[in-house]
Amino acid sequence: MRAVLILLPVALVLGGVFAGLFIYAVRSGQFDDLDDPPERMLHD
Amino acid sequence: MAAEIILGAGLERYYAERKAFPARPEPADGAWDLVPVETSPDGTATARLVVDGLRCASCVWVTEEVLSRTPGVRAATVSYATGRTTLRWEPERTDLATLAGRIAALGYRPRALGEGPSPDHDLMTRAGLAAVATVAIMGTSEALYAGQWFGSMDPAFAALFRWVSLALATPVALWSAAPFFRGAWNGLRHRVLHMDLPIALGIAVLYVHGVVATVTAGEGYLDSLVMLVALLLGGRMLEARGRRRAAEAATALVATIPRTARRSVGDRLETVPVGDLRPGDLIDVGAGEELAADGMVAEGSGQVRMALVTGEAEPVPVEPGSRIVAGTVLLDGALTIRVSAVGEATVVHAMALQLHAAADRALEPTAADRIAPWFTGLTILAAALTLAFRWEAGIAGAVSCAVAVLVVACPCALALSHPLAAAAALGAAARRGLLVRSGAAMLDLATVDVVALDKTGTVTAGELTVSSADDAVLRVAAGLERYSNHPVAHAIVGEASARNIALSRGSDVRERVGVGVSGLVDGLRWELRSSGPGEVKLVGEGGDEHLIRLGDALRADAVATVGRLKALGLRTVLLTGDHEEIARRIAGDIGVDEVVARLDPAAKGEWVRAARGRGHRVLFAGDGLNDGPAIAAADVGIAMGTGAASSVLVADGVVSSNGLAPLLAGIRAARAGAAAVRANQAFSLAYNVLAVTAAAAGWVNPLVAAVLMPLSSVAVIWGASRVEAKVRRDVT
């Protein structure tokens, strides 16, 4: 059961990293417009 | 007295928040310099903004108070329904960026009128954190439930998992869920109770109970808490996104009014901002330009498209002495205009301002918000009764049952039912060409029983087309007109192309402004000239005359759409300023139930108001500034996207594609959405009643809650997701 004591912090840190990445993505505007970018190449 | 209390509270909060967020003007500093500011002769400056995030009437009131009390501000008005804000201030004492900063400091989001609302990064971050925590807390809770089930979990591990769960739930409850607490607190303070109150109550009870359970090694509901917050925030995000897309599309359609004009001073021309023009100035206007001010033609002649004011497509000839208004377009010719009114004094501006005032109908709270106080009261009553009846059985059991009642009563599914279904309906309508401004307007659309349509530009395409002419005549006329950019030329050349007539090539073509065009076609000299309303005459060398009749053609889908609207049980009415005879003919063609002719703009609005007075729910669709009063007066006002900017501004929705069919699709989507809201509300209320009964009986433990509560929300999401499918099935 010692494995839990190692895996739990690892899981939490990983979760924290993904939450951080998500916050970074939101702040840098990557979720602002989910509709236009896929169609933009068709307009050029 | 009450006003004083609210004012005190509002201003207190203002100062508290200003410390927390020192000057947070959005968009970035400097962007406010781009907002058009009009300077009045008395030296004050005026600008218009939109403020996002105003949830209640008191928010509007507090914003107005704070702005009015700012030194240097002469007047501040905020519209409840649209968030449109008009500011008048003394430029030497304050500036727009400072005022915008003040609004931002109150916690609302100011933006320029032409700009779409900024995406809510804050809400997204809160929802994202809750989602990550949901995934993580599932791991620990599953371990705890499994340990309980098999009864062989090491108490040390159980404690560790409980504390990890608490660590995951704490930021979600305290930070992610903060908007619900803030909303509930604002509601309480201003005595406008809405759905945030029972939600905040539920979250608070869940969290406090969870903390106690963790400390005392008992069973908590922290997993349910995290999941509920994630679902609720997700629902809010969807709602905000639907609204933002509609607003962006609407602002993209709003045309820009010219901001500069060419003023002639002596024998020189200078380009000046419109705000610097004064009555008596002379300005030059060329073909294709929009007029920047009201005035009288001093020199020159030409034809003006007055559709903005009259709604009629046909160009109006002007000559020295003609009165002319800002916002109309000079189609051909060249004019020098003596300015009589600028800015706020112009006819168009005065009309637009009246419209803005008229469009401020009250924003009604949703059905869910109306039952919120009852809901909260009944929940607390049920919890108190549970506590009282179970008191004898032991305090621990009684408290745990009462907490279970409060927990399962959290109206998550109920709170989601309205925004999700409204967002689904908004999306379904938008994909079919009708952009509606808000979920509330979308659901209003479902209750409509009278559809009133404007004629020009709505039922008809609002463009001149040839209604009758011989092929040979058309061939010659098109040969003369092929070089011109005039609406009559477009109509003739377009019709010739549509009939597959090989165009001849005119030579020595001369266009005389306001009179007609002449030239050689196939070696013969022809002249094409206007010969009365809706007619042009082709005159040959020998004096032979041929008539070309022009008209405003029906939209291709008008007849089919009106038929389908009637099939939905709606009464269709044609409202027009045109003559009885023309109106009857068009009404007969498209098959409307009723036609009312010879209505001026104000009378259209009156007609709509009268119909509402008789208990009808009226949808009005029109274009042009002249339809503005009716659009503003209707329960749901829809502007045709090709119409005037001001009618788009006051409308609840905009038809973005070329046709009437989006109206039909919008009503179908609204009805499907409203049905989904009703079904979801009925379902979630039934769920809440059953769950509260079960909790009072002591049958609900954290595991049951963790399964039941998300299930009810998923059922509501599923109900909303069927809106699109239902609309698709109806349309095909």
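Q: What is the strand order in the open sheet of six strands in chain B, and what is the pairing?
A: The order is β15-β20-β19-β18-β17-β16 in chain B, with antiparallel pairing, where two strands pair if DSSP finds at least two bridges between them, and where strands (E, at least two residues) and helices (H or I, at least four) are DSSP runs numbered from the N terminus. This is a predicted model, in which local features need pLDDT of at least 70 and side-chain atom pairs count only at pLDDT 80 or more, while totals for chains, interfaces and linings use all residues. Residues are numbered from 1 along each chain as its sequence is written, and chains are lettered from A and ligands numbered from 1 in the order in which they are written.

Q: Which strands stand at the edges there?
A: Those are β15 (460-468) and β16 (507-512) of chain B, each with a single partner strand, so one side of each has no neighbour in the sheet. Direction ignored, neighbouring strands are turned by 20° against each other on average.

Q: And how many bridges join β19 to β20 in chain B?
A: Five bridges join β19 (residues 535-540) to β20 (residues 545-554), and the two strands run antiparallel; E535(B) has R549(B) in β20(B) as its bridge partner.

Q: Do β14 and β21 of chain B pair in the parallel or the antiparallel sense?
A: Strands β14 (residues 450-454) and β21 (residues 571-575) of chain B pair in the parallel sense over five bridges, and L453(B) has L574(B) in β21(B) as its bridge partner.

Q: Now the helices: at what angle do α1(A) and α4(B) pack?
A: Helix α1 (residues 2-27) of chain A and helix α4 (residues 121-150) of chain B pack at about 160°, with their axes 10 Å apart, the axes being lines fitted to C-alpha atoms, for helices over the stretch in contact, and angles running from 0 to 180 degrees between N-to-C directions. That makes α1(A) roughly antiparallel to α4(B), a term for angles over 145 degrees.

Q: What sort of residues make up that contact?
A: The residues of the contact of α1(A) with α4(B) divide into ten nonpolar, five polar and one charged.

Technical notes: Parallel < 35°, antiparallel > 145°, perpendicular 65-115°, else oblique. Nonpolar A, V, L, I, M, F, W, Y, C, P; charged D, E, K, R; others polar.
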